[in-house]
Amino acid sequence: MNRIRSLFLAAFCLLAAPASADTVLARWLSAEPDSLDPQRTTSQYSVQVDQDLFEGLVRFDRDKHPIPGVAERWEMSPDGLTYTFHLRSDAIWSNGEKLTAEDFVYGFRRLVDPKTAAADIEPARAIANAEAIVAGKIADPAALGVAAPDAQTFVITLAHPQAVELSLLQSRFAYPLHRATIERWGNEWTRPEHMVSNGPYVLKSWVPHDEIVLTRNPGYYGRDGIAIGTVRHVVSDDDGTAFRRWQAGELDTCFPPTREIPTLHDRFGDQLHRAPSRQVWYLSINMQKPPLGTDPRLREALSLTIDRETLTGKIYARGEAPAYSYVPPMITGYTPQTVAFEALSKPERVARAKRLLQEAGYGPDHPLAVEISYGSSDETRTVLAAIAQMWKTTLGVETTLSNQEFQVYLQAVATHNFQIGALGYNVDYDDAGEFLRLYRSDGGFNVGSFADPTYDALLATAGSALDLAKRRDALQQAEHLLMTAMPILPVYFGSENMLVAKRVQGWIDNDRFTETRFLSVRE
């Protein structure tokens, strides 16, 4: 999108939604965020809150195209290595202080500093010296290729071209941070009485496992285009309870329970928002733990005997599609690389799985025992119980389901304390690389510890390629390798099913975390 059109769209948004301090939106949050520190959170649910509180150099429009955020314009050097961002003069922090380029310098240096233990450094990975700082080869984060020539100019120098750098910069990991607040309060800086942010909203209160309340930021440069005065992010990991609260008018949004899906359209009409999403749900194998991590025959046998069609057609019938690849088919200009057994009939899959299991030394007299860990969710348990039964019926596998409170589960997978983990991943923008980067050996979310130098090299080739065809080919080769090694067992591709109250306007059907800035309320 060119700069003029981007600025026009941003200006239009400001004119289109008159602000009101009286409007309140109650959004369902299906799990407690593990943190509101945007660089340390590993939870996808925190995105819903973080994007209300902060804004980076660029942000996404409704179609997931990068448009001006704190930076009102930018230039890229002909070699693709240098980005120069010009910050808007009216950007300020919620405490009234002017936001400057030094706030981005601090944020990016903190991101790559090993002491931060950031959940993901992807927005900074291609920046000069980032990899060496993260690895401890360069001790001083000040060596990172970022600079502030003056208060309104922020410069990024890359080690190699990055085709999707602008899209990466909208990430929560690339938000500016208020240095004085973090240095004064340490880990307590995200408390409501301490937090200083720069987005459309400010943090008013946070009652753990209950709700997070935000109010419109009067100092935000685009405040006149923010139509919702107060946002209540209401936490509940019980979708049945959330559904009842939505029906009673206590919530404006909720994910409907699977059992209710077949009748929802007839009952609620266009209040049910449905669309395919850029999401994959899968089982991650801990490659550090034998026998699954050390024997690919066992991983393949388990994958072969997951009846994805039954899961998505009968057990979890929410519009999901069977997944035989990791990258969803809705990614533009990319051909997903499927597992080799996709073409086999179900009897052929079962026969092969039994043969592989026997070759690996397992059978009726020596059954394979596995454990699947997952975050507390009734619907996840339903799916996993069905998979466990499939494995039991076809292979005699004994499966234990380990249910953990969501934050405990996140910590378990982050520390590789699991055998099989139930995970889901969805991306903000239309790019296969955003999925595949997770399984690079040094990837921030490579919870299964998959490591393959060829895979890493292919992602490095894709990461530095400005030629989109070359980038696509490298990514497809990488996914093919991933689907051959099977450190993950894809199960289904997601579909968004969201109940949105009639009074809420502007919901984006394929975006479960539609930014509050795009919404308004019609009383």
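In which sense do E1 and strand E10 pair, and over how many bridges? The two pair in the parallel sense, over 6 bridges, with E10 covering residues 230–235. The model described here is predicted.

## The four-stranded sheet

E1 and E10 belong to an open sheet of 4 strands, in the order E1-E10-E9-E8 and with mixed pairing. Strand E1 (24–29) and strand E8 (201–207) form the edges, each pairing on one side only. On average, neighbouring strands of this sheet are turned by 20 degrees against each other, direction ignored.

Trp28 stands opposite Val234 in E10. Helix H2 (residues 45–53) lies across E1, E8, E9 and E10, and runs at about 150 degrees to E1.

The whole structure holds 33 salt bridges. One of them joins the side chains of Asp511 and Lys64, at 3.1 Å from N to O. Asp511 lies in the loop between strands E18 and E19, and Lys64 in the loop between strands E2 and E3, so the pair ties together parts 447 residues apart in sequence. Asp511 counts as buried at 11% relative accessibility, and Lys64 is buried at 17%.

Arg440 meets Glu122 in a salt bridge of 2.8 Å, N to O. Arg440 lies in the loop between helices H15 and H16 and Glu122 in helix H4, so this pair ties together parts 318 residues apart in sequence. Arg440 is buried at 12% relative accessibility, and Glu122 is buried at 8%.

Arg440 also forms a salt bridge with Asp442, at 3.0 Å from N to O. Asp442 is partly exposed, with a relative accessible area of 39%. Through shared partners, salt bridges join Asp120, Glu122, Arg125, Glu131, Glu434, Arg437, Arg440 and Asp442 into one network.

How values were computed. Residues numbered from 1 in each chain as written. Predicted model: local features only at pLDDT ≥ 70, side-chain atom pairs only at ≥ 80, totals over all residues. Heavy atoms only, no water. Pairing = 2+ DSSP bridges. Axes fitted to C-alpha atoms, helices over the stretch in contact; angles between N-to-C directions. Contact = heavy atoms within 4.5 Å. Salt bridge = Lys/Arg side-chain N within 4 Å of Asp/Glu carboxyl O. Buried < 20%, exposed > 50% of the residue type's maximum accessible area, 1.4 Å probe, protein only.
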